[in-house]
Amino acid sequence: MNHNNAPMNLGNGHLDTLLPYLFRPIKKQAYQRERIETPDNDFLDLDWVKGGHRKLLIISHGLESSSKAQYVQGMADLFKQHEFDVLAWNYRGCSGAVNRTMKYYHSGASEDLATVVEHVESLQAYDSVFLMGFSLGGNLTLKYAGEQSDAIAESIKGVCVFSTPCYLKTASHQLAKGFNKIYTQNFVRSLKQKVYDKRALLEANGFDLADIDKLNSLPTFDDVFTAPMHGFKDADDYYQQCSATFFMPDIRVPTLIVNAANDPFLSKECYPYQLVDDNPCLQMEVPKHGGHVGFYQPLKGNVMWSEARALAFVQSLL
């Protein structure tokens, strides 16, 4: 496949985002679920596509998504066909089961990705492991790779991320503007539901949920809930400590960052050209079209442009 085919222009950034999400058929994977324990006595649900291969792709999904997302299953499908095993993990509370502890997931919860990687390493089943992330999962994956830096597992050969809000503060405010408010309402409604699902546990631990109902944007939700729940002073402190841009200088494995120029979720700070120029391990591609996790360009077998691009990048490292 030639990855020089650019993603199609479906009209604008919003249509490039929504049409693939709404109309692309889901390539359902026969996942095998495995539940692993976390060091803080919680659990993570991992969904595997196993073929007995020595190469593994680990996929981290986006905000309020899961391993069932069509973009996750589409990517898994293509890699499966090219002799990879795939592990699509679900963040805390995203697998269909309410997690045990007060903690949820967030854009910087790289300790959970570390738990997943440690589990994979303990299996000693893979020679080559690649990390992939979409949107929030892209930020989390880049942060993890930067934190690990030179100490990253030897089996990890590369990282590939799509539609990544590398700078969380301005990206979260971008989502509060114009038509983006529609997406935000859905995200916040879904996030609030996760809070209500654990209301008894949270209130028993002294968490006041009185203001949760009033929250209607990601910055306010992060300020009132995400930040204090996970040990940050406020939303700005959370964004500052968790934005991938602050970890990218330390990444030491080949890393491809793909952010469409017309991604409606991303602020200009999410295209860190200078950081990429300064670190020879990083490369960034900014296709004109593609929206947010859209990248519609059906190639042979209904493969999306992003899937073909990811496969070409990963194969170039083998």
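What follows walks through the strands, helices and aromatic contacts of this predicted model.

S5 pairs with strand S3 (residues 55-60) in the parallel sense, over six bridges. It also runs parallel to strand S6 (residues 156-162), again with six bridges. Met-132 shows up in both pairings, as the bridge partner of Ile-59 and as the bridge partner of Cys-160 in S6. Between S5 and S6 comes helix H4 (residues 136-148), and the three together make a right-handed β-α-β unit.

The pairing carries on from S6. Four bridges join S6 to strand S7, and the two run parallel; here Cys-160 has Leu-256 as its bridge partner. S7 spans residues 255-258 and is covered on both faces, with Thr-255 and Ile-257 buried on one side and Leu-256 and Val-258 buried on the other. S7 in turn pairs with strand S8 (residues 282-285), in the parallel sense and over four bridges, and Val-258 stands opposite Glu-285 there. To get from S7 to S8 the chain passes through helix H10 (residues 273-278), in a β-α-β crossover that is right-handed.

Turning to the helices, H2 (residues 70-81) has 12 residues and reaches 16 Å from its first C-alpha to its last, close to the 16 Å expected at 1.5 Å a residue. Of its 12 residues, 10 are buried, so H2 is largely enclosed by the rest of the structure. The buried ones are Gln-70, Tyr-71, Val-72, Gln-73, Gly-74, Met-75, Ala-76, Asp-77, Leu-78 and Phe-79. Following H2 is Glu-83, with a positive phi near 65 degrees.

Met-75 gives a residue-level view of that packing. With a relative accessibility of 1%, Met-75 counts as buried, because the cut-off is under 20%. Neighbours within four places in sequence aside, Met-75 is in contact with Leu-57, Ile-59, Met-132, Phe-134, Phe-162, Ser-306, Glu-307 and Ala-310. Tyr-104 is another matter: it sits 29 residues from Met-75 along the chain, and the C-alpha atoms of the two are separated by 25 Å.

Helix H3 (110-123) has 14 residues and reaches 20 Å between its first and last C-alpha, close to the 20 Å expected at 1.5 Å a residue. Buried in H3 are Ser-110, Asp-112, Leu-113, Ala-114, Thr-115, Val-116, Val-117, His-119 and Val-120. Just after the helix, Gln-124 takes a positive phi of about 50 degrees.

Aromatic side chains come next. A search of the whole structure turns up 18 aromatic pairs. In one of these, the rings of Phe-79 and Phe-84 have centres 5.0 Å apart and planes at 75 degrees; since the angle is over 60 degrees, the pair is edge-to-face. Both partners are buried, Phe-79 at 0% relative accessibility and Phe-84 with a relative accessible area of 2%. Tyr-104 and Phe-225 form an edge-to-face pair too, 5.4 Å centre to centre and with 75 degrees between the planes. Tyr-104 lies in the loop between strand S4 (85-90) and H3, and Phe-225 in helix H8 (residues 218-229), so this pair ties together parts that are 121 residues apart in sequence. Tyr-104 is buried, with a relative accessible area of 7%, and Phe-225 is buried at 2% relative accessibility.

Ring pairs also link Tyr-71, Phe-134, Phe-162, Phe-295 and Trp-305 into a cluster. Phe-134 and Phe-162 are among the contacts of Met-75 as well. Finally, there are lysines over rings. The charged end of Lys-50 sits over the ring of Trp-48, 4.5 Å from its centre, and the charged end of Lys-55 sits over the ring of Phe-84, 4.5 Å from its centre.

Conventions. Residues numbered from 1 in each chain as written. Predicted model: local features only at pLDDT ≥ 70, side-chain atom pairs only at ≥ 80, totals over all residues. Heavy atoms only, no water. Phe/Tyr/Trp six-rings, centres within 6.5 Å; stacked < 30°, edge-to-face > 60°. Buried < 20%, exposed > 50% of the residue type's maximum accessible area, 1.4 Å probe, protein only. Lys NZ or Arg CZ within 6 Å of the ring centre and 35° of its normal. Pairing = 2+ DSSP bridges. Right-handed = clockwise from strand over helix to strand, strands pointing away. Expected span 1.5 Å × (residues − 1). Contact = heavy atoms within 4.5 Å.
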